[in-house]
2 protein chains.
Amino acid sequence: MTIGSVQAPAACCTPLAAPRMSETEAATTASVFKALGDPARVRIVNLLANAGHPVCVCDITPSTGLSQPTVSHHLKRLTAAGLLRREQRGIWAFHTIEPGALERLRTVFETGGTR
Amino acid sequence: MTIGSVQAPAACCTPLAAPRMSETEAATTASVFKALGDPARVRIVNLLANAGHPVCVCDITPSTGLSQPTVSHHLKRLTAAGLLRREQRGIWAFHTIEPGALERLRTVFETGGTR
């Protein structure tokens, strides 16, 4: 046993404070992270972030090497998760990053995060 | 057809600039998001962020309502994804948030993100 020889800023087996995040909040946030758990969706979000303006699905397709139905599916999934905002313009749907999307994810990592 | 009647800041079907994120980078980042795509892991990360110091698995268990093997499994998954740092102290393993974990995820959402 070498516990005594190591500096321990936290006493072992002193339970932490009650969770700051409710189960409902955690489930909602996890579903957002889950939507980003796919390389194609990560690239689409990064493309939209770099564009900085609403982008048509037809403008995204050439940059991803994916078919338009596949890109549309990913956009739908990201929009449903609250990461993108969708705007219909005539026959085309344009997407932008939802303001505050990153902010919501960031709270998980911050002291005093939620509540 | 109502396209002409709507103000369009982006011309339709003008391909975006080449992706700023390589497929390898996107795959790595997606695997980190995927690790967070679980409510229990979101809560554990939030608990550790709020603790602000290395925490023993035995201190996490009471706050989550999960068994110690389940918490250990989640900690292993989060550590493998690069989100947590693990430090062995005698018989106990302590975990902290990996500095820079959030920063890496944030780049996905930022202009000029990666590269």
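What is the volume of the largest pocket? It comes to about 160 Å³, and bear in mind that this is a predicted model.

**View 1. Around the largest pocket.** Here's who lines it: B:V57, B:Q68, B:S72, B:L75, B:K76, B:T79, B:R86, B:I91, B:W92, B:A93 and B:H95. Two elements of chain B give two or more residues each to this lining, namely α4 (68-80) and β3 (92-97).

**View 2. A closer look at α4(B) in the pocket lining.** With five residues, α4(B) gives the most to the lining of the largest pocket.

**View 3. The largest cavity.** Now for the cavity: the structure holds one of 30 Å³ or more. The largest cavity has about 40 Å³ of space in it. From chain A, the lining takes in A:F33, A:L102, A:L105 and A:F109. From chain B come B:F33, B:L102, B:L105, B:R106 and B:F109.

**View 4. The α5 helices at the cavity.** The elements that give two or more residues to the lining of the largest cavity are α5 (101-106) of chain A and α5 (101-106) of chain B. The largest share, three residues, comes from α5(B).

**View 5. What kinds of residue line the cavity?** Sorted by class, the lining of the largest cavity has eight nonpolar residues, one charged residue and no polar ones. Among the lining residues to look for here are A:F33 and B:F33, along with B:R106.

Terms used:
Residues are numbered from 1 along each chain as its sequence is written. Chains are lettered from A and ligands numbered from 1 in the order in which they are written. This is a predicted model: local features need pLDDT of at least 70, side-chain atom pairs count only at pLDDT 80 or more; totals for chains, interfaces and linings use all residues. Side-chain values use heavy atoms; hydrogens and water are left out. On a 1 Å grid over the protein atoms alone, a cavity is a set of points where a 1.4 Å probe fits but cannot get out, and a pocket is an open set with protein on both sides within 12 Å along at least five of seven lines; lining residues have an atom within 4 Å of a point. Grid points are joined across faces, edges and corners, and a volume is the space filled by probe spheres set on the points. Helices (H or I, at least four residues) and strands (E, at least two) are DSSP runs, numbered from the N terminus. Ala, Val, Leu, Ile, Met, Phe, Trp, Tyr, Cys and Pro count as nonpolar, Asp, Glu, Lys and Arg as charged, and the others, Gly among them, as polar.
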